[in-house]
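Trainee: Hi! Could we go through this model together for a few minutes?
Mentor: Happy to. Here it is.

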Amino acid sequence: MSPILICLGNPLLDLQVDVTPEYLAKYSLKANDAILLDGASNDPKMAIFGEVSKMPEVKFVAGGAAQNSARGAAYVLGANQVGYFGSVGNDQFSAKLGEENAAAGVVSLYQVQQDIGTGKCAALITGHDRSLVTDLGAANHFTPEHLEKHWDQVEAAKLFYIGGFHLTVSPAAIVKLGKHAKETGKPFVMNLSAPFIPQFFKDALKECLPYATIVIANESEAAAYAESFGLTCDTTDLEAIAKQIVGGDSNKTVIFTHGLEPTVVTTTKGSTSYEVHPLEKSKIVDTNGAGDAFAGGFMAGLAQGKPLDTCIDIGQWLASLSIQEVGPSYPKEKLTYTKV
């Protein structure tokens with residue numbers, strides 16, 4: 001059976017660990033940020049992976065934002081309904097990623113690089129903040145040709161989810177899927193993923209954004225977009241920024257999440273706010289991956305043909321489940337969404 005939802009992103013093995021603010025300061029890292037390293041460089045930050053992997057409390061989790069979302073969508077939709085494209089190395093790390101996907105019910109459609117290792121992401125946790133340090137490795141070598149090899153899966157899919165991080169890898173692959181989605185009238189959802197995407201990959205974003213029927217981002221990504229694209233509105237005015245992204249496109253919806261603040265949804269018809277699911281502070285274990293979980297739940301609702309407000313509610317429900325787990329994970333037992 002072909003998956004109804006296809007996701008495209010950068011598959012990474014997450015090394016997740018609690019660190020001190022001093023550890024972040026040692027490498028000039030911000031508490032709530034995401035940076036990309038070049039594995040071939042002599043960047044001193046590359047030492048982080050070796051150091052973290054030896055820390056006694058480190059946890060290895062299947063990561064990569066869109067892959068986290070794919071597993072979240074599969075948690076709601078069930079086995080073999082979600083397919084995931086990305087590039088990995090031929091090593092133990094990709095084997096671990098494949099196992100995690102299979103256990104979650106996600107169909108792995110990996111492009112395998114024989115001579116480059118699987119990408120890694122150190123998630124450095126301080127309190128409720130996470131600083132992400134990534135070496136893309138093999139994830140950086142995905143090519144549109146791999147989509148062509150599995151084009152039957154693309155044609156059979158009903159909707160698409162693109163992690164914004166993939167804009168650093170293959171905008172051509174995103175455009176290829178975007179054109180297919182546009183020609184066939186399928187929903188095409190893009191996540192901005194991190195502030196550095198609109199800051200440093202503006203041209204790729206400009207090229208791909210016209211294909212998106214739905215854009216998802218958080219408040220810091222929205223602010224980075226406003227700054228990068230020279231918007232005159234306040235960088236904290238989510239509604240005004242969303243209106244600029246929507247423009248006059250009646251097929252476009254922009255969804256801005258804002259931590260525990262209401263989620264803002266904007267179309268050409270105006271903006272609506274949705275309260276998040278309240279959760280006692282004592283129940284919050286780990287907010288790393290909350291945004292990925294929201295996107296996964298949202299996509300599952302969309303795949304089921306639910307109305308937009310229900311899709312957002314499923315996203316918020318799944319995010320509230322995820323932050324009670326370690327890492328971008330979901331409960332072992334299968335809980336079923338019911339609208340309150």
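Trainee: Which residues touch the most other members of the largest nonpolar core?
Mentor: Keep in mind that this is a predicted model. The largest nonpolar core has 56 residues, and F188, M190, Y225, I241 and F256 touch the most other members.

Trainee: And where does the largest share of this core come from?
Mentor: From helix α11, residues 238-246, which supplies six residues.

Trainee: What is F256 in contact with, leaving aside its neighbours within four places in sequence?
Mentor: Quite a list: A217, A222, L238, I241, A242, I245, P262, T263 and V264.

Trainee: Which residues does the second core include?
Mentor: That separate core has 42 residues, among them A70, Y84, A303 and I312.

Trainee: Let's switch to the sheet. What is the strand order?
Mentor: The sheet is open, with nine strands in the order β6-β5-β1-β9-β10-β11-β12-β13-β14, and the pairing is mixed. β6 (106-113) and β14 (270-274) are at the edges; each has a single partner strand, so one side of each lacks a neighbour in the sheet. On average, neighbouring strands are turned by 20 degrees against each other, direction ignored.

Trainee: How many bridges join β5 and β6?
Mentor: Eight bridges, with β5 (residues 82-89) and β6 pairing in the parallel sense. V82 stands opposite V106 in β6.

Trainee: Which strands does helix α7 lie across?
Mentor: Helix α7, residues 171-184, lies across β1 (5-8), β9 (159-163) and β10 (188-191), and runs at about 155 degrees to β9. Helix α13 (residues 308-322) also packs on the sheet, where α13 touches β12 (253-258), β13 (261-267) and β14. The direction of α13 makes about 150 degrees with that of β13.

Trainee: Now helix on helix. At what angle do α3 and α13 pack?
Mentor: About 110 degrees, with their axes 11 Å apart. The two are therefore roughly perpendicular to each other. G72, Y75 and V76 in α3 meet I314, W317, L318 and L321 in α13. By class, that contact has six nonpolar residues, one polar and no charged ones.

Trainee: What about α3 and α4, parallel or perpendicular?
Mentor: Helix α3 (residues 65-77) and helix α4 (residues 92-104) pack at about 25 degrees, their axes 9 Å apart. They are therefore roughly parallel to each other.

Trainee: Which residues meet there?
Mentor: Q67, R71 and A74 in α3 meet L97, E100, N101 and A104 in α4. The contact of α3 with α4 divides into three nonpolar, two polar and two charged residues.

Key
Residues numbered from 1 in each chain as written. Predicted model: local features only at pLDDT ≥ 70, side-chain atom pairs only at ≥ 80, totals over all residues. Heavy atoms only, no water. Axes fitted to C-alpha atoms, helices over the stretch in contact; angles between N-to-C directions. Helix = DSSP H or I, 4+ residues; strand = E, 2+ residues; numbered from the N terminus. Parallel < 35°, antiparallel > 145°, perpendicular 65-115°, else oblique. Contact = heavy atoms within 4.5 Å. Nonpolar A, V, L, I, M, F, W, Y, C, P; charged D, E, K, R; others polar. Pairing = 2+ DSSP bridges. Core = buried A, V, L, I, M, F, W, Y, C linked by side-chain atoms within 4.5 Å. Buried < 20%, exposed > 50% of the residue type's maximum accessible area, 1.4 Å probe, protein only.
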